[in-house]
Amino acid sequence: MDISLYLKLKKSKRSSFSLGKQKMFVFYGFISPWIVGFIGLLVIPMVFAIYISFTNFNGFDLAGTSVIGISNYVEAFRNPDAWRTMGLTIKYSVMAIPLGLITALGLSLLLNQKIKGRGLFRTFFYIPTLVPGIASALVFGCIFNVNSGFLNLFLNLFKLPAIDWLNNYGVFCLAIMSIWGCGTMMVIFLAGLQEIPEELQEAAIIDGANKWQTFWNVTWPLLSPITYFQLIMGIIGALQMYVQASMLSQVAYGKFWEPLQSLFVYPSYALSQMMAYQRFGYGAALIWILFIIILLVTLIVQKTSKYWVYYAVDQEGGAKKE
Amino acid sequence: MKRFLRMFIIYPMMIILSMLFLFPFFWMMNIALKRPEEASFIIAFFPQVPQWFHFQQVLFTNDVIPFFTSLRNTLIICVIVTILVCLSSAMIGYGFARFNVPGRNFLFSIILATMMLPQLMTFIPQYIMFSQLGLLSLSWPFCYLPWVITSLPGWAIFIFYYRQFFASLPKELEEAALIDGCGWFHTFWSIFMPLAGPAVTTTCIFLFQWTYTDYITPLLYLTSENQTLAVQMMTNTRYPGANFTLPVPPVPYQMTVGILFTLPLIVLFFFAQRYFMQGLATTGLKG
């Protein structure tokens, strides 16, 4: 045993506190801000949110609130608006997640080549992620605008009729906007690519593998834990995406809480029910349904991960590693 | 031959992609320099006469937007969040990294679980709670109290980040400190924190960036007179004077504010590029 630890143990034996107990005490002292926050800002508000989802709470009058059972949930399943907005959210996710992942992976593979000016190109692809969401909504609003947008100016050059992008292809515009900010994912992929030892790829090439085979059999499996992480984060992000949609709607039509129909995603629906109609109980129920959907989708993806995610280290051992 | 081919495929590809990614920046500038009617109807690609005075009007008059007041409000929130979250996350992360006591792993797995929790789930209940407690109708300096409250418990992702960082330091450090009679907190503050310089810088940069660009929290928590720049730019930008009677939104002015609003982040990025890239790589990979 280490001499210092021995001395410390001996010293503490004399005091009424044993070292183990003292350590316990100090540990909880250090993490106490988190415990307080966890209970006060997470557990209590969430329990409260579960409670109000069973009531007709209007946002300010707690005394006049009455419990109405599961009728908020029943309404959520019956209301065509809920289904329509959920459809839009799913459409967005199906479009934005793969497009974002593929773009980010493609860019990082390009940047992983040994070329001059790599740092400069990396900066170019990363810089859009620094633009505040509202500014990026503003500029994409100006690009997709029906009257003065860049795309319609472009169509006008060829005497083609203007297209109302936001009204007809709102989800597509949102997906494009999200791809513009894929620099974060790209940098994470790039860091993963740079951790792959070069010898492995060289060995594959010596064994006669072509570029595609090397990517598919060496790079992709080694990158799959990162892809998996990004996919999970992408799903969580895309299913609860509403700020961008509302901002784009605000830019184009000045409506934030109740966005344009083509941008009216599910979380916006929940929020508009709360903010515009004071139906906090119903809104909370909608959010809980979304929570369960996100949880289920994440779990399904997690279950499939063993078929396509490759872990170099044993998961149990990896988790316990200090 | 192969190198030649690579030059002729990769470089044009990279340049085209870069142009696509940089195009919105160009378009921002282009719109900001247009006259309002040019920005609202199909007239021409480029402004006929660049309206550089838009920048002057935004910065030096209060006709368009109370620019510096709003910026001050944004910065107050940024300072509160950055300092508090950074310190408390470091402290909590240190606790999880350096004390091997029963219950630690269980509590840490809860933190990891909250990291996966959709932000919407916690945000709305918190908003309802704050409004019930009357925290959202306070006057000027106190209206930022909700940020103090939400920042004190640290953020899960940064607790995780600090925990990884502190766990990588050798065990002898605190043993030596304790033998020398250094208290627990003192050990953390004067031995471990100075070593965490790069981690602190990374954390602060990301916290600053996220808080600076946040739109929905200030929109819900603040009344319009204490509002941050992000929200003011969208909701409170107007044509200077009453000369314009056009029924169109003041897009060029909003864009001007947008450029001035984005610029500090880009400057920050060029000064701290290394920390951005490292921070992203480590937080992303270890997750």
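# Notes on a two-chain predicted model

User: Why is helix α9 of chain A largely enclosed by the rest of the structure?
Analyst: Helix α9 (residues 170-180) of chain A has eleven residues and eight of them are buried, so the helix is largely enclosed by the rest of the structure. Bear in mind that this is a predicted model.

User: Which residues of α9(A) are buried?
Analyst: The buried ones in α9(A) are G170(A), V171(A), C173(A), L174(A), A175(A), M177(A), S178(A) and W180(A).

User: Moving on to helix packing in chain A. At what angle do α12 and α15 pack?
Analyst: Helix α12 (residues 211-239) of chain A packs with α15(A) at about 165°, and the two axes are 10 Å apart. Angles over 145 degrees count as roughly antiparallel, so α12(A) and α15(A) are roughly antiparallel to each other. Their crossing is right-handed.

User: Which residues make that contact?
Analyst: From α12(A) there are S224(A), Y228(A), L231(A), I232(A), I235(A), I236(A) and L239(A). From α15(A) there are L290(A), I293(A), I294(A), V297(A), T298(A), V301(A), S305(A) and W308(A). By class, the contact of α12(A) with α15(A) has twelve nonpolar residues, three polar and no charged.

User: And α2 with α15 in chain A, how do their axes cross?
Analyst: Helix α2 (residues 19-52) of chain A and helix α15 (residues 280-308) of chain A have axes that come within 8 Å and cross at roughly 115°. That makes α2(A) roughly perpendicular to α15(A). The crossing of this pair, α2(A) and α15(A), is left-handed.

User: What residues are involved there?
Analyst: α2(A) contributes A49(A), I50(A) and I52(A), while α15(A) contributes F280(A), G281(A), A284(A) and W288(A). The contact of α2(A) with α15(A) divides into six nonpolar residues, one polar and no charged.

User: Backbone next. What is phi at K159(A)?
Analyst: Phi of K159(A) is about 60°, a positive value although the residue is not a glycine. K159(A) sits in the loop between α7 (150-157) and α8 (165-168) of chain A.

User: Why does K159(A) count as exposed?
Analyst: K159(A) has 6 C-beta neighbours inside 10 Å, and a residue with 12 or fewer counts as exposed.

User: What about Q278(A), where is it and what is its phi?
Analyst: Q278(A) lies in the loop between α14 (266-275) and α15 of chain A. Its phi is near 55°, positive in a residue other than glycine. Q278(A) counts as partly exposed, with 16 C-beta neighbours inside 10 Å.

User: Switching to chain B. What is its secondary structure?
Analyst: Chain B comes to 15 helices and zero strands.

User: How does its radius of gyration sit against a compact globule?
Analyst: Chain B has a radius of gyration of 24 Å, whereas a compact globule of 287 residues would have one near 19 Å. Along the principal axes, the C-alpha atoms of chain B fill a box of roughly 75 × 70 × 35 Å.

User: How many residues does each chain put into the contact between A and B?
Analyst: Chain B gives 70 residues and chain A gives 67 residues. On the side of chain B that touches chain A, the residues are 51 nonpolar, 17 polar and two charged.

User: S88(B): what does it touch?
Analyst: Leaving out residues up to four places away in sequence, S88(B) touches P33(A), L152(B), P153(B) and G154(B). S88(B) is found in helix α4 (residues 67-98) of chain B.

User: Is S88(B) buried or exposed?
Analyst: S88(B) is buried, with 24 other C-beta atoms within 10 Å.

User: Last one, where is Y239(B)?
Analyst: Y239(B) is in the loop between α13 (229-235) and α14 (251-271) of chain B. Y239(B) is partly exposed, with 18 other C-beta atoms within 10 Å.

Technical notes: Residues numbered from 1 in each chain as written. Chains lettered and ligands numbered in written order. Predicted model: local features only at pLDDT ≥ 70, side-chain atom pairs only at ≥ 80, totals over all residues. Contact = placed C-beta atoms within 7 Å. Nonpolar A, V, L, I, M, F, W, Y, C, P; charged D, E, K, R; others polar. Helix = DSSP H or I, 4+ residues; strand = E, 2+ residues; numbered from the N terminus. Rg over C-alpha atoms; globule rule 2.2 N^0.38 Å. Axes fitted to C-alpha atoms, helices over the stretch in contact; angles between N-to-C directions. Parallel < 35°, antiparallel > 145°, perpendicular 65-115°, else oblique. Left-handed = near helix turned anticlockwise from the far one by under 90°. Buried ≥ 20, exposed ≤ 12 C-beta atoms within 10 Å, placed from the backbone.
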